[in-house]
Structure formats: structure tokens, C-alpha cells
Amino acid sequence: MITNAILKQWKQAKRIAVLTGAGISAESGIPTFRGDGGLWRNYRAEDLATPQAFQRDPVLVWEWYEMRREVCQKAEPNPGHFAVVELESLYPDFRLFTQNVDGLHKRAGSQSIVELHGNIFTGRCTKCGCIHPLDEVPLPQLPPPCPECGSMARPHIVWFGESYDERILGEAVAYLRSVDLIFVIGTSGQVTVPVYLAQEAIRAGAYSVEINPAESTLSESVDLSLRGKSGEILPGIVARLRDLN
Ligand code: OAD
Ligand code: ZN
């Protein structure tokens with residue numbers, strides 16, 4: 001139950017953050033990673049989402065990302081994504097941190113997005129490092145060549161065993177330490193860095209709300225756990241916030 005007193009407190013927040021995971025895109029038909037039907041139930045991450053896997057068999061890795069890219073391209077943002085867009089319009093100081101690579105937040109209309117794990121519609125050159133869009137689905141050639149130097153490109157995604165972009169991470173930590181309110185939506189909390197980011201906001205005193213049909217590793221730390229689907233819960237919260245005087 002979200003009382004009007006709680007809503008008032010949320011409404012007064014000056015700076016807010018939203019951290020999303022695969023769960024927010026589940027209602028768009030994009031499989032999550034863990035749990036029933038999760039990608040890591042059916043595929044071994046070591047074979048597909050590590051630098052070693054790419055070195056061993058770049059075409060196999062690209063084929064797997066092509067398959068996922070097609071799913072992402074056909075999917076549409078759901079009411080959860082759109083509610084995040086509306087939430088952003090209620091707060092001048094807002095930032096969305098997503099672990100998702102599917103691009104659905106952007107397509108829904110979110111502006112201030114930090115893609116912590118990269119983007120499946122973006123490639124990065126293994127030689128010159130240039131980052132470029134992968135507009136064609138499917139790609140005409142696997143592995144695709146870098147548009148700048150012709151060397152092999154890789155998906156612009158943070159794989160297991162790789163470090164995050166330091167600048168992005170530094171800015172994320174600084175921002176999260178200064179928020180009054182954080183929504184953690186649709187993540188199991190199994191990946192260290194995003195959990196650390198949420199914990200930094202909580203440690204610094206932000207009011208924290210989780211939206212997830214199941215328990216996560218963050219459930220014990222948050223102030224409020226809302227059990228349910230983000231596409232069903234979030235639009236109602238945003239409408240109440242908007243209408244609050
Ligand atoms: P997970 O698959 O680990 O967790 C998905 C979470 O979404 C679970 O806690 C579900 O209970 C929840 N969920 C399912 N349906 C939902 C719904 N309709 N509304 C809200 N929540 C729902 O996905 P992530 O936590 O995002 O990394 O996984 C983190 C990272 O691990 C991913 O970014 C990916 C993966 O390895 C990379 O690919 C780099
Ligand atoms: Zn290049």
C-alpha cells in the first residue's frame with residue numbers, strides 16, 4: 001500500500017534515479033536472463049558473453065547477438081517503459097540507469113539514460129575502438145567490419161569478466177550518492193556493479209523502492225518492495241504522483 005504521505009515524500013524529491021533490469025522488458029516479450037525461460041537457463045554465458053568466447057568463435061557470438069537483436073527490434077516498449085518516461089517529466093533532476101541493452105527505454109522516449117551494459121544495436125571496433133550503430137537487421141556480413149578501418153567489430157556490450165566504462169561508472173556513483181529517491185525495477189540483483197550502485201544510493205539516505213514480482217538480493221535493503229509487474233504497478237504510481245497537489 002502506498003499512502004498519500006509516502007507519495008508526498010516521493011513528489012518532494014529533488015533528485016531521483018531509476019535502475020532497471022531485464023524484468024522491465026519482460027512484458028515486451030524479451031526474455032530475462034535468470035528464472036523461468038531465462039537466457040542463462042538455455043545458454044552458457046561462458047560460450048557467448050565473454051571475451052574468450054569471442055576470441056574462440058566470433059561468428060557464433062555474433063549469431064547469438066543477431067538472434068537477440070531481431071527479438072529486440074521486433075519488440076515494442078510496454079507501459080512500464082512509458083511510465084519511466086513520464087516519471088522523468090515530473091523531475092528536473094532525473095537519471096535512468098539501465099542494465100538492458102535492448103534500446104527500449106530510448107524508443108519509449110526516455111532522455112537521460114545511462115546504458116551500463118552497452119547497447120545491442122551498437123558495434124565497437126576490436127582494433128580502432130570506434131563505436132558505431134548497427135542499423136541493419138540482419139547484418140549482411142558476420143562478423144561485421146568496422147566502418148572506419150575495416151577490422152572486426154564486436155558487440156558494444158559489457159561481457160562477463162570485462163570492466164565497465166570508468167567515466168560512466170564514476171559519474172553514476174557520484175549521481176547516485178546524491179539522490180533522494182531511487183526506484184529499482186526488474187532486476188534480480190545478481191550482478192555486482194548495479195547492486196553496488198543501488199546500495200550507494202541507499203547508504204547515502206535515498207528512499208528506495210523496488211518493483212519486482214519476485215524477491216531480489218536488494219529486497220532486504222530497500223524501504224519498500226512492491227511485488228508485481230512493472231507494466232502494471234508503475235503507471236499507477238506515476239499517475240498518482242502526477243495528480244498529487
Ligand atoms: P535477471 O534475468 O537476472 O532478472 C530479471 C528480474 O526481473 C527478476 O528478478 C524477475 O523477478 C524480474 N521480473 C520478471 N518479470 C518482471 C516484470 N514484468 N516486471 C518487473 N520485474 C520482472 O536480469 P537482470 O537483473 O537485468 O548482463 O540481469 C543483470 C545482467 O545479467 C544483465 O544486464 C545481463 C545479465 O548477464 C549482460 O548481458 C552484460
Ligand atoms: Zn576500426
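Modeller: A term to begin with: donors are N, O and S atoms within 2.8 Å of the metal. Bear in mind that this is a predicted model.

Colleague: Fine. Which residues are the protein donors of the zinc ion (ligand 2)?

Modeller: Cys125, Cys128, Cys146 and Cys149, each through SG, lying 2.3 Å from the zinc ion. Along the chain these donors follow the spacing C-x2-C-x17-C-x2-C.

Colleague: And why is the arrangement of the 4 donor atoms called tetrahedral?

Modeller: Because the angles they subtend around the zinc ion run from 101 to 119 degrees. Four donors count as tetrahedral if all angles lie between 85 and 135 degrees. The ideal angle for four tetrahedral donors is 109.5 degrees.

Colleague: OK, ligand 1 now. Where does it sit?

Modeller: Ligand 1 is in the largest pocket. There are 22 residues around it, and Phe33, Arg34, Thr187, Ser188 and Asn212 come nearest.

Colleague: How does that shell divide into nonpolar, polar and charged?

Modeller: 9 nonpolar, 10 polar and 3 charged residues.

Colleague: Which side chain has an N or O atom 2.8 Å from an oxygen atom of ligand 1?

Modeller: That of histidine 117. Backbone N or O atoms also come in: one of glutamine 99 lies 3.1 Å from a ligand oxygen, and one of glycine 23 lies 3.4 Å from a ligand nitrogen.

Colleague: How much of ligand 1 does the protein bury?

Modeller: 90% of the 800 Å² that ligand 1 exposes when taken alone.

Terms used: Residues are numbered from 1 along each chain as its sequence is written. Chains are lettered from A and ligands numbered from 1 in the order in which they are written. This is a predicted model: local features need pLDDT of at least 70, side-chain atom pairs count only at pLDDT 80 or more; totals for chains, interfaces and linings use all residues. Side-chain values use heavy atoms; hydrogens and water are left out. A residue is near a molecule or strand if one of its heavy atoms lies within 4 Å of it. A polar contact is a pair of N or O atoms within 3.5 Å; within protein, one must be able to donate a hydrogen and the other to accept it, and residues adjacent in sequence count only if both atoms are side-chain atoms. Accessible areas come from the Shrake-Rupley method with a 1.4 Å probe; for residues, only the protein chains shown count as cover. On a 1 Å grid over the protein atoms alone, a cavity is a set of points where a 1.4 Å probe fits but cannot get out, and a pocket is an open set with protein on both sides within 12 Å along at least five of seven lines; lining residues have an atom within 4 Å of a point. A molecule sits in a cavity or pocket if more than half of its atoms lie within 2 Å of its grid points. Ala, Val, Leu, Ile, Met, Phe, Trp, Tyr, Cys and Pro count as nonpolar, Asp, Glu, Lys and Arg as charged, and the others, Gly among them, as polar. Donors are N, O and S atoms within 2.8 Å of the metal (3.2 Å for Na, K and Ca); water is not among the atoms, so sites may look incomplete. Four donors count as tetrahedral if all angles lie between 85 and 135 degrees; four count as square planar and six as octahedral if opposite donors are over 155 degrees apart and all others between 65 and 115; anything else is irregular.
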